[in-house]
Amino acid sequence: MEYPILYSFRRCPYAMRARMAISYSKITVELREISLKDRPKKLYEVSSKGTVPVLITENNQVIDESLNIMLWALKKNAKQTWINKEISNGEYKMIHINDTIFKKSLDKYKYHDRYPKKDKKFYRLECSKILNVYEKKLAKHKYLKYDTINIVDIAIFPFIRQFANVDYIWFEKEFKNLTVWLKKISQSNLFKSIMKKYDLWDTSKNIYVILGSET
Ligand SMILES: N[C@@H](CCC(=O)N[C@@H](CS)C(=O)NCC(=O)O)C(=O)O
């Protein structure tokens, strides 16, 4: 039996959210763990962008955007509760803000030495403007949209995790609600299940990974 193929990199936040949706939907994929520094030619053959994650479905459809991989996985899961049939405009907008504005400021905060025009605190403040919005939302609900976990939580979580890890003590003091939210997702079986370590993909062996967990 041939399974869908997922090109992935363990620590990539986009790949993490794709793996979480696949795992949540209990889909079996052939996981191909790659090194970003030494990407296999095959990756560029399937998608010229050369980014991860990339999914090749059982019908040979190539999906090279992590959000689309999440939606593909959720559509296969009749019991999923992360979206209401389709992703809503509001959900899409929140994820888009994360992937554009927040991601840019996050990279500058993480690698502030490479962006000497401003200092680390400036980039941290830029990120915090968006995090403050989440902090307020979490004062009303357990998760970013509702009291139950939603696609927005999962799509945004790996990026907030990166932000928190730059200076966790500061993060914890500044964002109390986000700290609780982050811990809940980080400690979930779902997240643990997708962070297992795999050997790099070797063209001579296929690594079959059965992703499947409960939130
Ligand atoms: N919009 C893409 C972004 C994926 C992405 O940028 N992945 C990073 C790894 S975290 C990557 O492959 N970077 C290599 C590059 O940009 O050449 C998605 O959501 O899948």
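Author: A residue counts as exposed over 50% relative accessible area and as buried under 20%, with partly exposed in between. The model discussed here is predicted.

Reader: Is Asn-60 buried or exposed?

Author: Asn-60 sits in the loop between β3 and β4 (62–63). Its relative accessible area is 62%. The cut-off for exposed is over 50%, so Asn-60 is exposed.

Reader: What is the relative accessible area of Lys-85?

Author: Lys-85 belongs to the loop between α3 (66–75) and α4 (89–110). Although Lys-85 is not a glycine, it has a positive phi of about 65°. Lys-85 is classed as exposed, for which the area must be over 50%, and its value is 72%.

Reader: Which residue does a cis peptide bond join to Val-52?

Author: Most peptide bonds are trans. Here the bond has an omega of about 5° and is cis.

Reader: Which helix gives the largest share of the shell around the ligand?

Author: The ligand is surrounded by residues that include Cys-12, Pro-13, Tyr-14, Arg-17, Leu-36, Val-52 and Pro-53. The largest share of this shell is three residues, and they come from residues 13–24, helix α1.

Reader: How many residues of the shell around the ligand are charged?

Author: Arg-17, Arg-39, Asp-64 and Glu-65 are among the residues around the ligand, and Asp, Glu, Lys and Arg count as charged. The shell also holds six nonpolar and two polar residues. The number of charged residues is four.

Reader: Is Ser-188 buried or exposed?

Author: Ser-188 lies in the loop between α8 (176–186) and α9 (189–194). A polar atom of its side chain is 3.1 Å from the backbone nitrogen of Phe-191. The relative accessible area of Ser-188 is 15%, and the cut-off is under 20%, so Ser-188 is buried.

Reader: How far apart in space are Val-29 and Ile-207, C-alpha to C-alpha?

Author: Val-29 is part of strand β2 (residues 28–33) and counts as buried at 0% relative accessibility. In sequence, Val-29 and Ile-207 are 178 residues apart. In space, their C-alpha atoms are separated by 9.1 Å.

Reader: How far apart in space are Val-209 and Tyr-44, C-alpha to C-alpha?

Author: Val-209 is in strand β5 (residues 208–210). Its relative accessibility is 4%, so Val-209 counts as buried. Val-209 and Tyr-44 are 165 residues apart in sequence, and their C-alpha separation in space is 22 Å.

Methods. Residues are numbered from 1 along each chain as its sequence is written. This is a predicted model: local features need pLDDT of at least 70, side-chain atom pairs count only at pLDDT 80 or more; totals for chains, interfaces and linings use all residues. Side-chain values use heavy atoms; hydrogens and water are left out. A residue is near a molecule or strand if one of its heavy atoms lies within 4 Å of it. Helices (H or I, at least four residues) and strands (E, at least two) are DSSP runs, numbered from the N terminus. Buried means under 20% relative accessible area, exposed over 50%, partly exposed in between (1.4 Å probe, protein chains only). A polar contact is a pair of N or O atoms within 3.5 Å; within protein, one must be able to donate a hydrogen and the other to accept it, and residues adjacent in sequence count only if both atoms are side-chain atoms.
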